[in-house]
Structures are given as C-alpha cells and as structure tokens.
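Please view the sequence and the structure together.

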Amino acid sequence: MPILLGCIADDFTGATDLANTLTRQGMATVVLLGVPREDVDVGDADAVVVALKSRSIAASDAVSQSLAALDWLRRRGARQTYFKYCSTFDSTDAGNIGPVAEALLEALKEDFTVACPAFPTNKRTVYQGYLFVGDVLLSESSMRHHPLTPMTDALLTRVLQRQCKGRVGLIDFSVVERGRAAIRDAMAQLRADGVRIAIVDALTDAHLVAIGEACADLKFLTGGSGLALGLPENFRRSGLLRMKEAGALPKFGGHAAVLAGSCSVATQRQVAKMKAGSNGFKIDPIALREDRMAVAKVLQWARPRLGREPVLICSTADPATVEKAQAALGRERAGQLIEAAMGEIAKGLAGMGVERLVVAGGETSGAVVTALGINGLRIGEEIDPGVPWTASLGGKPLALALKSGNFGADDFFLKAFQKLEAAHLESPLSPRERGRG
Ligand code: ADP
C-alpha cells in the first residue's frame, strides 16, 4: 500500500516526536532507523519517518543521506515529503537545514517550500521571522552556547539565507492570522517573486493548523514537528485517510521487563517506585568490568522471575555513586560498560521470551535497539506525553517503550504495562483489520 506522507528527520528523538504527533492525529506511522533497506515492510503505515543522524554532520553527507531517504520514500509512493529539524533551528552557516532543503526541492523538481520550526507547546514561537524560546530570543537562550550548533542570530530569514543559494522570504504573523487562504495567496506571491523558501510565523497551534492546511498542495515542506499538526486533516479531507485509531499495535503476550540505564531524576523516582514492590536487579559498571559473567548472572537471576509482571534491571544510581564509578573508570568507559551490558541483557531477555520491554535512557535505548537488530518502530498508544509504546520492525517483534531519562511520571513503568493491556482489551482489531480506505 503506498504511503501518504514521507518524512526525513535529522535526528532520532525528533523523528519519534514527529511520528507521535502524526499518530495522535490519526495517521498510522512507522519510524525507520537510518536510510531504509529496499525490502523493509512498513505494513499499512500512512506515514513513514526516516530517522537520520544528519543534524551535525558535514552538509554534503547530510544532503546525500537525505536524498537516499527521499528516493526510498518516493519509491513507496509518498505524496508529500516533509523535512523535520529541531524547533530551535539547530544549524550553522554551513548548514544543514538550507542545503538539505534545497537539495530535496531540486530532487522533487519543486521551486518553493516553507520553513516553520515553531512548536508553541514547547514554547518555540516565530514572530516577524524571529524565533523565541520561551520569552527570550533564540540568540539569548541557552542555545547560544550549544556545543555543536550555537544559535547566535534569532532572525531565521537571515540565518537560513546564509545557508541557501535561492532567496529566502517571510510570511508574517499578520498574514498567518488571517488563515489558510491568506497564507496560500502569500505563498503564491512569494513564489512569483522568485522566493524559494519562506519562513512562516506561528505563535499558536491554531496558526500551525492553518499553515498546514495552506500547504496541502505543496509536494515538499519543512519544519519542526508542530507543522505536522495540520497535515493528517489534509489527507482526510481529500478522502485518502480514513478515521481510525492509528496507534493500534498487534498484541504482545510474552514476558515483561524494564531496563533502566538512565540516572536522570525522573528515572530515579520511577525506579524507586517500582522497586518498592517488585523484582529488581541492580548492575553497576565496576562489577561489570570485574566480572565477565556479570551479564550471564543477570539473566540467570531473571529467568525464573519472568512472567506477566515486569522484572526490573537497572544501573540507575544517585550522583555520588555515578561520580565514584566515573572516577574509577572514566566517564565514557563507565557509560559504555552499562550500555553494552544493557544491549546484551536485552538480547538475552528476548531469547527467553520477553516481548514487552520498557527502556529508560536515550543512549541506553540506542544501545538496546542496535543490539536487538531493530530497524524500525511502529508508533502506538501514548503512555505519558511524548512517550508512546511502539512495535519493533526487523529482528524479533517486540513491544518497546523507549523513554528519554527525564520523561514520564513516577509510576511510568507500571502504568506502561497497564496501558498496553488496556489498549488490547479496548481494541480487539489488529491495525491491518482497521486498514485505511
Ligand atoms: P538519559 O536519557 O537520562 O540521559 P542515557 O541512557 O542517555 O540516559 O544516558 C545515561 C548514561 O549514563 C549512559 O551512557 C549510561 O550507560 C550511563 N550510566 C548509567 N548508569 C550508570 C552508573 N551507575 N554509573 C555510571 N554511568 C552510568
């Protein structure tokens, strides 16, 4: 089945954020990790988000990876292409937003697009082309000191123009406020004037929805995840997307486990809450270094305890303990030991029938997903804001919730499994049976 929307995201968390937004707006969405192989099966997905790591690499590499992703998406029939970058417009004068956007425009034989990073929910707004983070200009926010992409200029038309060969223009607040038709007229005027990319002001979600509507006929658009809010409705209006529960996942009945490799405050609370009444095993980097059998021992401990209720395996520790380990091993080595162990443990658990897995920690999630040979994720039910259940593609099918350290309420771990069960009680149909019209 051809996909409707093909997205290219310049980092992994941005990709899942966009995919989560699209799913909540009714599009069944899959995230693919890296430029996809030809034979990847995305099932009945309406939207595919290709997650690259192209934000801070050389512009020429970002362009070639993005073009390869575009090729794949076009072969799968994508009607519209979306280039997703950060809502703080992370880039330098060398790129990569401008060069990638222009290369994609050219490959699609299009001569105009929009650039709208605004994400009001997260307090990123654009007014007269200036990007605000909370109540300060981007150039006065902490982004000014970002180690890789320091943002010292808040005027996006100027920032983007320095990265582009074509002309950059602006559709300002006064136009956006008047809605879809006014935005469409402004786009036509700018296009006739030879502008190639227009920064678009947006202060509210209503603005983003109006801009999304005005972009219904653009083959290619660019923005943060906010601009995607209005896109599913376009496909619905044109009869291509049927109303459905897009976040439905297949049923996973196997054993449950939580792997926590984050030491962030929220994860510390979540671990403490879960440990109070349940199966827990603690690993630490010094023991991992000293005992070659450490992973085997974890798995041996877990085997008789596996079942419907989750086991918890964590390296989560307070700052003083982490500091001690880092002093003994070096920060990087300590992290690597835990990440490698979590990957091996995940593989071992999957081999013992674990099918439902919550992972806490961004780097930890990356290590687990790589060790399990997973190449994509179908987005499901949201557990807490920004953290959905997913079903893995490639490797052995698993239900996975990948949580960045500081996300989620204190009862996140237990709530996650309850939500997964409840979703299946409420919705007996498989995603395929719900299909789109
Ligand atoms: P978060 O999303 O909270 O930043 P990450 O998984 O991205 O979590 O990063 C946590 C890092 O800390 C990882 O590299 C992990 O291996 C490392 N780590 C976890 N536990 C410990 C520990 N007890 N001592 C030292 N380093 C640890």
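## Basis

The model is predicted: local features need pLDDT of at least 70, side-chain atom pairs count only at pLDDT 80 or more, and totals for chains, interfaces and linings use all residues. Residues are numbered from 1 along each chain as its sequence is written, and side-chain values use heavy atoms, with hydrogens and water left out.

## Ligand site

The ligand is surrounded by 18 residues, counted when one of their heavy atoms lies within 4 Å of it. The closest are S262, S264, E339, E363 and T364. By class, the shell holds six nonpolar, ten polar and two charged residues; Gly counts as polar, while Asp, Glu, Lys and Arg are the charged types. Helix α13 (331-351) and helix α14 (362-371) each supply at least two shell residues, and α13 gives the most, with four. Helices are DSSP runs of H or I with at least four residues, and strands are runs of E with at least two.

Polar contacts are pairs of N or O atoms within 3.5 Å. A ligand nitrogen is 2.8 Å from a side-chain N or O atom of S315, and a ligand oxygen is 2.8 Å from a polar backbone atom of G405. The protein covers 82% of the 570 Å² of accessible area that the ligand has on its own (Shrake-Rupley method, 1.4 Å probe).

## Sheet

Three strands form an open sheet in the order β6-β7-β8, with antiparallel pairing; strands pair if DSSP finds at least two bridges between them. At the edges are β6 (124-127) and β8 (136-137), each pairing on one side only. Four bridges join β6 to β7 (residues 130-133), and R124 stands opposite V133 in β7.

Definitions and conventions. Polar contact = N/O pair within 3.5 Å; in protein donor to acceptor, adjacent residues only side chain to side chain.
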